[in-house]
Amino acid sequence: MHEEAIKNLIVEKISSYQSEILDFTKRLISIPTENPLGTSYKACVDIIAKKLHEIGLDYTIIDVPDITDRNPFPRYCLLSFNGKGKRTLYFHGHYDVVPAQNDTQFRPYVEDGKLYGRGSSDMKSGLAAMIYAIKAIKESNIELNGRIGLVIVPDEETGGARGSQYLVETGLLGKDGIGMLMPEPTSGMIWNANRGAISLRITVKGKPAHVGLHYQGVNAFERMLVVANALLEVKADIESRKTDFKIEPEAARRSILLIGGRSEGGTNFNITPAECSFTVDRRINPEEDLETEKKSLFDLFDKLRRDGIDLDIEILQEGRSTGFPEDHPVAKTLADSVKLIIGRIPSFEMCPGLLEIRFYAQQGIPSFAYGPGLLSVSHGPNEFVKIKKIYNCATIYALTAAQLLTS
Ligand SMILES: [Zn+2]
């Protein structure tokens, strides 16, 4: 089939699905897949599975075992492969949402061409767009030289241990991948890179004593100051490193060390504090290596221990940074499809936070985020998505897949 013919077919198909896409997105939003705690995951996975069945797509639901023991509610991943052959373009998304900030957020409504509700932007509209993109390709009878792999996971908002990370550990993520697209709310840009993270809680130990007997105690607060000062000394060096990936404003290019996002300790003004803790959030640029940066922090803590400071380190989360060039063929195909539909080439930027593209990137699979939502309203009390952008994204995903998998 000729390129132009494929484009016309896909555009026509997606416009004929518009009311279905909107209706399906609303149904996804109405299920409160809040994370934490993730109590309604089953209901959401069930309606996605039902939709895939309606479209005539096979799927597998994976019941993820409780590895951590921290959350007793079940977790499910959903995989679906369409097309034939090995080479696979992945569409990857998450169905969990951050907790609602008011009780109307799970009652989606439309106003001025916008769909409001928790997850409308991040990223239930994106899930609907991906699923309908596959439907469009299927119903257009476009012969694919490869497959579209649909991967839908829980727990993205809390690190993905029982979502993407579990799929990595079981060898189910990214097999035969030639590329990956995900519908995070990128505000019209393509994210081709993301920062990595090592987030820690440091607990400095002392010994309690009444103020009158302070000489019998060890002041954990004063010791914590020594640790914090040692970190402040390395902070200047860290902040002098700037990424070459695009991100605005200029200050956002600096590598990050955030000290004391949360801190606590002591029991009262008249008792030597026995314990003080504070968090450290080290966010690394795509050019920095997670292991190297982690080691340099831990070497510093070891030195402080040798100096006699008793401290414990708890790792709260860690994730790699990644980055792919803007002129990578997958990026170019995506950007060209965006241009075909909205009339201009999108700009590329680094995502300021952690992103699940890292799970694919660590296997060398070029991964990019482009979604219908806006980052600025995601996770907020008035989360919305422009409805037209959902349809545009569905068209763009289908065009990108058709282009990459028919060539
Ligand atoms: Zn998201």
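Which residues in α7 meet which residues in α9?

Reply: This is a predicted model, in which local features need pLDDT of at least 70 and side-chain atom pairs count only at pLDDT 80 or more, while totals for chains, interfaces and linings use all residues. Residues are numbered from 1 along each chain as its sequence is written.

On the α7 side the residues are V330, T333, L334, S337, V338, L340, I341 and I342, and they meet N392, T395, I396, L399, T400, Q403 and L404 in α9. Contact here requires C-beta atoms, placed from the backbone, within 7 Å, and the helices (H or I, at least four residues) and strands (E, at least two) are DSSP runs numbered from the N terminus. Sorted by class, this contact has nine nonpolar, six polar and no charged residues, where Ala, Val, Leu, Ile, Met, Phe, Trp, Tyr, Cys and Pro count as nonpolar, Asp, Glu, Lys and Arg as charged, and the others, Gly among them, as polar.

As for the geometry, α7 spans residues 329–342 and packs against α9 at an angle of about 135°, with the two axes 9 Å apart; axes are lines fitted to C-alpha atoms, for helices over the stretch in contact, and angles run from 0 to 180 degrees between N-to-C directions. That angle makes α7 oblique to α9, because angles under 35 degrees count as roughly parallel, over 145 as roughly antiparallel, 65 to 115 as roughly perpendicular and the rest as oblique.

The crossing of α1 and α3 is right-handed. Among the residues in this contact are Y17, I21 and F24 of α1 and S125, A128, Y132 and A136 of α3, and the contact as a whole divides into eleven nonpolar, three polar and four charged residues.

For the wider setting, the domain assignment (the bounds come from an automatic or database assignment) gives domain 1 as 3–194 + 322–406 and domain 2 as 196–319. Taken over C-alpha atoms, the centres of domain 1 and domain 2 lie 36 Å apart, and ten residues from domain 1 and nine from domain 2 make the contact between them. On the side of domain 1 that touches domain 2, β13 (322–323) and β14 (348–351) each supply at least two residues, and β14 gives the largest share, three residues. That side of domain 1 is made up of five nonpolar, three polar and two charged residues.

How values were computed. Contact = placed C-beta atoms within 7 Å. Left-handed = near helix turned anticlockwise from the far one by under 90°.
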